[in-house]
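Please look over the model shown here. A short report on its fold, interface and core follows.

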Protein chains: 2
Amino acid sequence: MPRFVVTYRIFASGIEEASERAAGIALEQTVEIPRDVVPHGYVEDEIVGKVESVAEEEQGRQLARISYSPDSVSDELPQLLNVIFGNSSIQKGIKVVDLELGSTLAERFRGARFGVAGVRRLTRRATGGLISPVIKPQGSDAATLADIAYRCALAGADIVKDDHGLTDQHMAPFKKRCEMVCAAVARANRETGDSCLYMPNLAGRSADLMEYARFAKDCGAGGVLVMPGLFGFDLVRRLAVDATFGLPIMTHPTFLGSYVLSDTLGFTHAAMFGTLQRLAGADISIFPNVGGRFGFSAAECISIAEACRDLAGIGRPILPSLGGGMSAERAGEMKRMYGDDAVFLLGGSLLRYGDRIGEAIKELRKAFHSA
Amino acid sequence: MPRFVVTYRIFASGIEEASERAAGIALEQTVEIPRDVVPHGYVEDEIVGKVESVAEEEQGRQLARISYSPDSVSDELPQLLNVIFGNSSIQKGIKVVDLELGSTLAERFRGARFGVAGVRRLTRRATGGLISPVIKPQGSDAATLADIAYRCALAGADIVKDDHGLTDQHMAPFKKRCEMVCAAVARANRETGDSCLYMPNLAGRSADLMEYARFAKDCGAGGVLVMPGLFGFDLVRRLAVDATFGLPIMTHPTFLGSYVLSDTLGFTHAAMFGTLQRLAGADISIFPNVGGRFGFSAAECISIAEACRDLAGIGRPILPSLGGGMSAERAGEMKRMYGDDAVFLLGGSLLRYGDRIGEAIKELRKAFHSA
């Protein structure tokens, strides 16, 4: 059976130490017992991880490729993550760089349902960057949020999304917010003839979320925002493969920062916000843009965008979505950096426009066209 | 309404910079808009985080206490985590140190159902350290795992737990494994008159887990192992508050390492493996012991054990559970380090004993008594 391969960056003195550590990872992530007590036969031959190669990347840094059996994973996404980086997440100096699914797991994990092309079809925005204002702040009532959404949709937004801090609080409970914002966006769409999608933040108590997702669909939502750092990546997968749900999924990076901010721990930016999101089935992956309130570098942001859109990646290419630092003034720069296949979020600074909030969206659209 | 307070360690040049950063966190974790556009009234007065104090901890390191409204959280654990450290997880130089729930949230988040006293009652082990062998390796069939469990229970184990790499794979699917191991442990208990608890690893596809939990209970399982890093902390809470489930919950640290291993990111060891586990409702919190394959220091391990058992913590005191590095030779040292209210895991090295696996457990029990 074709095995899947994880590439780890190991911070060791040289090839010898890295090879020893790689052999340790191969055991740790599978049988979790000392090498000398591994049962002969199936467990030893198939289940134990195999170190395929160890190569010097630069002084003090090696790349180890370790292969694992699809049997270790079944069709379970949480268990795939467990094999990739479960206990190894607790060891220092190991970073996940890449994942090659192999043909067996590629059949089981097919990635995004919509991807770039599907989201463009639904928004009827065949070319150019997609514009996505965020409705907030937390504490507002549903009518206030619906009014902001209406103005944004009327001005030509492609996607209106909830702030990730809007969950099921009494000020604007999920169902009420969903109904009112869906109605507001539908009204704008009737007036413009456009196809703006509203994506509510699918949040609250985890027991309610699949019902909430269906409720959102019935209300006319155009997709959902999901927070895998809080609810687990399997919620994304569950929605992506649910035949009756069938809407695009946008993922939010909240609570995931600790996986990428250390140079020697966790995942690379591209692996976390590109590869893992595609693996789970996200269509749009949000991450903080360079130059905003978060410390991602331009190179890190570009690596994420490339991992989202790489044709050789898992399933369909998906849309990177830049959070923060966006304005009409920066449209040219952002277009040069990310190209057209990206979703540009417009956040808190939008509220400065007050009743003229639509103008910010029109300005950005115009700036994209002329850039 | 009494607010809850999060203490953050901020790595800044001094009080002035730390105060600015704290003000930024207070906005970021709630309204996520610039200060000058925060709506007056309820949002400004209640929802926006309030910096309660900023104090120098040592050169280059400050402690900021920020209070938040229970309205921001409702009764949702994921949203509580979102407010504590959602987007701030993506900013460098911020570490969560402490959480004070306040009386309002303390009513909503009541912690462990069993805790130290409850687990002692169920295991009928009134005094002394609890011994918990782990059945493995992944790739074994259910009969093999049941046989290991039987031998361990017969020898006086208090808790037999699944390795966290056993999920729902075809080699030993959850239900089959659960039935066979429960039957094996029940047989041992009939022979010994003891009350060894079997805790299967509640894993597979997230959609199945609540049904699997009930299935485990019906089979006679004595609790479940849960992996919050993979399935979200809300799965722990859901089980802890489910009136019909009503079994102890043991949590595993897999996939959570990236939150604690950097000095300047994530959570302190005590906050992650003590406070958050109690908040979610775990009764037993596993973490890697000093001296094993993982890099936690003795001081970090002790800080976790203290956070688990602190009488002033959230809900009932719970049992710290040490993974790795345990043997009869180290029993005295471990007892001095952790005291009696702890669960000592016996992992892969157990398999070295082969058919005499029970002897390892008897030796450890004896060593505890004489230590």
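## Terms and source

A residue is buried if 20 or more other C-beta atoms lie within 10 Å of its own, exposed if 12 or fewer, and partly exposed in between, with C-beta atoms placed from the backbone. Helices (H or I, at least four residues) and strands (E, at least two) are DSSP runs, numbered from the N terminus.

This is a predicted model, in which local features need pLDDT of at least 70 and side-chain atom pairs count only at pLDDT 80 or more, while totals for chains, interfaces and linings use all residues. Residues are numbered from 1 along each chain as its sequence is written, and chains are lettered from A and ligands numbered from 1 in the order in which they are written.

## Helix 8 of chain B

Helix 8 of chain B covers residues 209–219. Its buried residues are L209(B), Y212(B), A213(B) and A216(B). They span an arc of only 105 degrees around the axis, so they sit on the same side of helix 8 of chain B. The arc is that of the directions from the helix axis to the C-beta atoms. E211(B) and D218(B) are exposed on the other side of helix 8 of chain B.

The cover over the buried residues of this helix includes helix 7 (174–192), strand 8 (224–226), helix 9 and helix 10 of chain B. Just after helix 8 of chain B, G220(B) has a positive phi of about 100 degrees.

## Interface

Contact means C-beta atoms, placed from the backbone, within 7 Å. By that rule, 69 residues of chain B are in contact with 69 residues of chain A. On the chain B side, helix 2 (42–47), helix 3 (77–85), helix 9 (228–231) and helix 10 (233–241) each give two or more residues. Helix 3 of chain B gives the most, with 5 residues.

## Chain A overall

Chain A has 14 helices and 12 strands. Its C-alpha trace spans about 70 × 40 × 35 Å along the principal axes. Buried residues make up 60% of the 371 residues in chain A. Of the contacts in chain A with a separation of 6 or more, 73% join residues 24 or more positions apart.

## Nonpolar core

A nonpolar core is a set of buried Ala, Val, Leu, Ile, Met, Phe, Trp, Tyr and Cys residues joined through C-beta atoms within 7 Å. The largest has 270 residues. Those touching the most other members are A149(A), V185(A), V224(A), A149(B), V185(B) and V224(B).

Leaving out residues up to four places away in sequence, V185(A) touches A149(A), Y150(A), A153(A), V160(A), C196(A) and Y198(A).

Conventions
Contact = placed C-beta atoms within 7 Å.
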